[in-house]
2 protein chains.
Amino acid sequence: MDLQKRSTEELILEAAQAVFLEKGLAGARMQEIADRAGINKALLHYYFRSKEKLSALIIERAIGVILPRVMAVLDTDVELFDKIRLVVDTYLTFVSRNSFLPLFIVNEVNRNPQFFFRTVVEKERTHLDKFRRQVEEAVAQGRIHPINPAQLFMNVMSLVIFPFLGKPIIQVGLGLSDEDFKRAMEHRRTEVAEFVIRAIRA
Amino acid sequence: MDLQKRSTEELILEAAQAVFLEKGLAGARMQEIADRAGINKALLHYYFRSKEKLSALIIERAIGVILPRVMAVLDTDVELFDKIRLVVDTYLTFVSRNSFLPLFIVNEVNRNPQFFFRTVVEKERTHLDKFRRQVEEAVAQGRIHPINPAQLFMNVMSLVIFPFLGKPIIQVGLGLSDEDFKRAMEHRRTEVAEFVIRAIRA
DNA sequence: CGTAAATTTAACCAAGCAGTTAAACTACCT
DNA sequence: AGGTAGTTTAACTGCTTGGTTAAATTTACG
C-alpha cells in the first residue's frame with residue numbers, strides 16, 4: 001500500500017510513543033514529540049487535539065499490544081509445562097525488544113487503574129479460565145504441588161518482567177555490562193521456565 | 001527527647017516523601033509538600049533551597065532505607081534455604097508497609113542510574129559475596145540444581161517486589177479486592193520462599 | 001489550472017510552577 | 001527588654017509549557 005513513506009499520523013504516533021515511554025507522561029513535551037516526528041507543534045495539535053488525547057491513544061496502544069499476546073498463549077490447548085515455556089519465551093522476546101514498555105505501563109496503570117480496567121481487562125479476563133482449570137486439574141491429579149493458579153501466574157509474570165523494570169539496579173548491583181545483561185536475559189529465556197516447572201512439579 | 005512534636009524539618013521530609021512517592025518527581029508540587037507539612041512555600045524553600053535538593057534527599061533516604069535491609073540479611077551466616085525464607089519475609093514485610101516505594105525507586109533508578117551507582121551500590125556490592133559463595137558451594141555439593149547466584153537473587157527479588165509494582169494489574173486481572181490482595185500477599189510470605197526452594201533443591 | 005487539504009511560520013495567550021523578596025509577626029532565650 | 005531564629009503573608013519574577021491563531025506556503029489531485 002504505502003511502502004514509500006509512513007503517513008504523518010503514524011510518524012506522530014511513533015514519535016509520541018518513543019517520547020512518552022522514555023520520559024513518562026508528565027515528563028514528555030509536546031515540542032519534543034513534534035521535533036522527533038519532524039513536524040511542528042501546530043501540526044501536532046492539528047492532528048491530535050491535546051496531549052491528553054494523544055497520551056490516551058498511546059497508553060491504549062501500549063497495553064493493547066502486550067496484553068492480548070499473553071492472553072492468547074494462556075488460552076491455547078498446549079500442555080501446562082509447555083505452556084509455561086511458551087509464555088515465558090513469547091513474553092521475554094517481546095519485552096526484550098520493547099524494554100521501556102513495562103515501566104511505562106506499570107506507571108500508567110498505577111496512576112489510573114480505572115482506565116486500564118475499562119479499556120482492556122473486561123474483554124480479556126475470561127482468557128485466564130483455561131489456564132486456571134489446567135492448573136487446578138494438574139493439582140488434583142497430583143502432577144504438581146498445590147498452588148493457587150493466580151499465584152502461579154503472578155510468579156511467572158514477576159520473573160519475566162521485573163528484571164526489565166529493575167535493569168539499572170540489577171546491572172549495577174551485579175556489575176553487568178549492557179552486553180552481560182542482554183546475555184543474562186537470553187539465558188533466562190530457558191532458565192525461568194525450568195525454574196518455575198521445577199518449583200511446581202510434584 | 002522530642003516526644004512532643006517532630007521538628008519542622010522532619011515534617012517537611014515526611015510530607016515530601018509522601019508527595020514524591022505518590023506523584024513521582026515530575027508530578028510533585030512544592031506547594032503540595034508545603035501544604036501537607038502544614039507550612040508555606042517560603043518556609044519550605046527556607047529549609048531546602050530547591051526542589052532538586054529536596055528530591056535528592058528523599059531519593060537517598062528511600063533507597064538507603066531499603067537496600068541495606070536486604071544486604072544485611074544476605075550477609076548473615078544463616079543456612080541458604082533459611083536465608084531465602086528470611087529475605088523473603090523481611091522484604092515482604094517492609095514493602096507491604098511501604099507499597100509506593102518500589103515504584104518510586106524503580107522510576108528514579110531508571111531516570112538516573114549514575115546517582116544510584118554513586119550513592120549506594122559501591123559500598124553494598126560486596127555484601128553479595130557471602131550469598132554468592134554460599135550458592136556456589138551448595139551447587140558444588142549437589143545440594144541444589146546448578147544456578148547462577150545472580151539469577152537466583154534476581155528471581156527472589158522479582159517474586160517479592162513485582163506484585164507491588166503491578167498491583168492494579170494483578171488486582172483487576174485476577175479480580176481481587178483490596179482485602180483479597182492483602183491476603184494474597186500474606187500468603188506469599190511463606191509461599192514464595194517455598195516456591196524458590198523447590199525450584200532449586202536437587 | 002484551481003482548489004482544498006496539509007504544513008509551516010511566528011507570534012501570542014494563559015496557566016502552572018519554582019523560586020524570590022521584603023515586611024511583619026511570634027516565640028523563645030538571655 | 002531586646003534580639004535572634006522561625007514563620008507567615010502576599011505579592012511578584014521569570015520560565016516552561018500546552019494550546020491557539022492567522023496568514024503564508026506547499027502539496028496533492030481532479
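A word on terms before the first stop: a nonpolar core is a set of buried Ala, Val, Leu, Ile, Met, Phe, Trp, Tyr and Cys residues joined through C-beta atoms within 7 Å. Buried, in turn, is when 20 or more other C-beta atoms lie within 10 Å of a residue's own; 12 or fewer is exposed, in between is partly exposed, and C-beta atoms are placed from the backbone. You're looking at a predicted model, where local features need pLDDT of at least 70, side-chain atom pairs count only at pLDDT 80 or more, and totals for chains, interfaces and linings use all residues. Residues are numbered from 1 along each chain as its sequence is written, and chains are lettered from A and ligands numbered from 1 in the order in which they are written.

Stop 1: Hide everything else and color by secondary structure. Of the 202 residues in chain A, 34% are buried.

**Stop 2: the core.** Which residues touch the most other members of the largest nonpolar core? Select A:Val156 and B:Val156, which hold that spot among its 108 residues. Leaving aside neighbours within four places in sequence, A:Val156 is in contact with A:Ile84, A:Val87, A:Val88 and A:Val196; contact here is C-beta atoms, placed from the backbone, within 7 Å. In soluble globular proteins, nonpolar side chains tend to be buried together.

**Stop 3: where A meets B.** Bring chain B back. Here 37 residues of chain A are in contact with 37 residues of chain B. H9(A) gives the most, with eleven residues. By class, this side of chain A has 23 nonpolar, ten polar and four charged residues (Ala, Val, Leu, Ile, Met, Phe, Trp, Tyr, Cys and Pro count as nonpolar, Asp, Glu, Lys and Arg as charged, the others, Gly among them, as polar).

Now click A:Asn110, in helix H6 of chain A. Is A:Asn110 buried or partly exposed? It's partly exposed, because 19 other C-beta atoms lie within 10 Å. Across the way, A:Asn110 touches B:Leu103 and B:Pro168.

**Stop 4: the axis.** Superpose chain A on chain B: a rotation of 180° with 0.0 Å of shift along its axis does it, at RMSD 0.0 Å (least squares on the C-alpha atoms of residues with pLDDT of at least 70 in both). That is the relation of a two-fold axis. To find the axis, select A:Ala199, whose C-alpha comes closest of chain A's residues, at 1.9 Å.

**Stop 5: the DNA.** Of the 16 residues around it, A:Ile39, A:Ala42, B:Met30, B:Ser50 and B:Lys51 come nearest (near is a C-beta atom, placed from the backbone, within 6 Å). Two or more residues each come from H3 of chain A and from H2 (30-37), H3 and H4 (51-74) of chain B.

Technical notes
Two residues are in contact if their C-beta atoms, placed from the backbone, lie within 7 Å. Helices (H or I, at least four residues) and strands (E, at least two) are DSSP runs, numbered from the N terminus.
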